Amino acid sequence: MAFLAGALAVLGQAPYDFFAACFVSFPILVWLIDGAVADRPAGFLRQLRPAFAVGWWFGFGYFLAGLWWVGGALLVEADSFAWALPLAVVGIPLILAFFHGFAAALARLLWSDGIGRIFALAFAFGLAEWLRTFLFTGFPWNPLGFAAMPVPLLMQSVTVIGVVGMNVLAVFVFAMPALLADRRNLKLGAALAVLLVAAHAAYGYFKLAAPAAAPAQTINVRIVQPNIDLSEKWDGSVRDRIFAGMLQQSAEAPKPGAPKPDLIIWPETSVPFLFTERPDALVAIGEMLSAGQMLMAGIVRDEGESVAGTETRYYNSVVSINDKGEIVGSIDKVHLVPFGEYIPFAGLMERVGLTQLVAGPMNFVAGTDRRPFALPGGIKASAFICYEIIFPAIVAVDAASTQIMVNVTNDAWFGDTPGPYQHFRQSQVRAVENGLPVLRAANTGISGIVDPSGRVVDALAMNVRGTIDVSLPVAASGAASPPFSRVNGFLIMFLIAVAASGLKLRQRLRAN
């Protein structure tokens, strides 16, 4: 039952956005924890084991149903990597489920009758979701609070309480129908749930209805989605064709009424070779760009040489190239994908036969520094490569001093599954959190422009080759205050914990 309840909760995430499912799954979780008690007197940890088991099975269902598509990356070169399919599809949910197991056990410590257990569940799962953002390299995919933010109207509250607060309050509201079982505190719970939902929607309405601030300036942007088949991505015989195709897309005349782009953006690892091996490619880019134009492109960058025992280091990078074919800015991906871009504990893993689990040209080295890009017109942009965009703290630090966020990615690894849609939703929420537009370039799935309120200005469908041209208004700086919202989120979590502890203490004193 816990497994099925967790799997049902995934319907609240993109691309389904059926948040009503959470009003069923979380009450089931509450009732299961109600009965999760040791069948005989036991020690402290043994007493918590039944609740941990319920939470673990809930988490296993949630992450298995929400992340099964990860296995698609292993089928790009199935002959080499299909053996690891169970490890990715089942192993990742098995590990992530421990966060929800921990949450259920912690909630059980603060469990009390009536609404007290709803407070306990909201605090515990809010804490677990926050820990998931950084423990074991972090993987805050499909946070529970995202189910309460299916459309821009319902995303605006994140500017006030952050994803931390949204996770806590979403679980609190979704679990409230559990009070229907014995009707204890039912009126109070219903009133609190209605109040929170009404405030959530009303704030979004008034924020979206408020007149937008006058833009400081405008930049004309073209996003290129080449839709390259991954089986050809690093095939030496077709690299020139791939590169020529992207040059052709970038040089196309704008559609009638559309402005000529000042900035062109290519997706992650879009250049299918190393610039150090093909300096003529930079010359070709310079010749393609008109005066004053700039290209931002995802590339693989190398350093060092395989001589004197020094191995070449490869970086997953973004560079900016001016109309002279000169690289004028660059950043390297800092937060790499474990087992996809690098092997953690490489020496130990190699002894047991584990190597890189997805097809690609090489293992990458993590970057150590971030800096903003200077775009035409003096505009500053922060760039995030692939899943770096899912980490609120990383994005907030970089976005604080910039006016545009750029996300380059290659979601073709996962095909036409929920994965690319869930990844795009992360970009929407990051835009709202930081009050900045997001320009997203994907090899395929999903390229688009998101405004500072999370609204999709334009986007390309999955498995489509095309471009997007847009004239983007740019404010002087972000409108939101992420540090302020994070403080509010932790304050909400603290107050919920105090309420749960107080009601637990009150019940114990009454029992005594």
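The chain carries 35 positive and 36 negative side chains, and the centres of these two sets lie 15 Å apart, where Lys and Arg count as positive and Asp and Glu as negative, with His and the chain ends not counted, and where the place of a charge is taken as NZ of Lys, CZ of Arg, CG of Asp or CD of Glu. This is a predicted model, in which local features need pLDDT of at least 70 and side-chain atom pairs count only at pLDDT 80 or more, while totals for chains, interfaces and linings use all residues. Residues are numbered from 1 along each chain as its sequence is written, and side-chain values use heavy atoms, with hydrogens and water left out.

The secondary structure comes to 14 helices and 12 strands, these being DSSP runs numbered from the N terminus (helices are H or I with at least four residues, strands are E with at least two). The radius of gyration of the chain is 24 Å, close to the 24 Å that the globule rule gives for 512 residues, so the chain is as compact as a globular protein of that length; the radius is taken over C-alpha atoms, and the rule is 2.2 Å times the number of residues to the power 0.38. Along the principal axes, the C-alpha atoms fill a box of roughly 80 × 60 × 35 Å. Of the 512 residues, 54% count as buried, which denotes under 20% relative accessible area, with exposed over 50% and partly exposed in between (1.4 Å probe, protein chains only). Among contacts with a separation of 6 or more, 72% join residues 24 or more positions apart, a contact being heavy atoms within 4.5 Å.

The UniProt record, an unreviewed entry, places the feature "transmembrane region" at residues 18–38, 50–71, 83–106, 118–141, 153–176 and 188–206; such annotations may be inferred rather than shown by experiment. Over residues 188–206 the chain is 100% helix and 0% strand, with end C-alpha atoms 27 Å apart, whereas over residues 118–141 the chain is 58% helix and 0% strand, with end C-alpha atoms 24 Å apart. F134 is found in the loop between helix 6 (116–131) and helix 7 (158–174), and F134 counts as partly exposed at 41% relative accessibility. The C-alpha atoms of F134 and T159, which are 25 residues apart along the chain, are separated by 21 Å.

Some backbone details also deserve a look. Most residues other than glycine have a negative phi, and most peptide bonds are trans. The peptide bond from A14 to P15 is cis, with omega near 5 degrees, and P15 has its place in the loop between helix 1 (2–9) and helix 2 (22–34). N227, in the loop between strand 1 (217–225) and helix 9 (239–251), has a positive phi near 55 degrees and is partly exposed at 27% relative accessibility. N463 has a positive phi of about 60 degrees; this residue lies in the loop between strand 11 (456–459) and strand 12 (466–474) and is partly exposed, with a relative accessible area of 44%.

E388 sits in the loop between strand 7 (380–385) and helix 12 (392–399), yet E388 is buried, with a relative accessible area of 0%. Leaving aside residues up to four places away in sequence, E388 touches K333, V334, H335, R370 and V395. The C-alpha atoms of E388 and K333, 55 residues apart along the chain, are separated by 7.9 Å.
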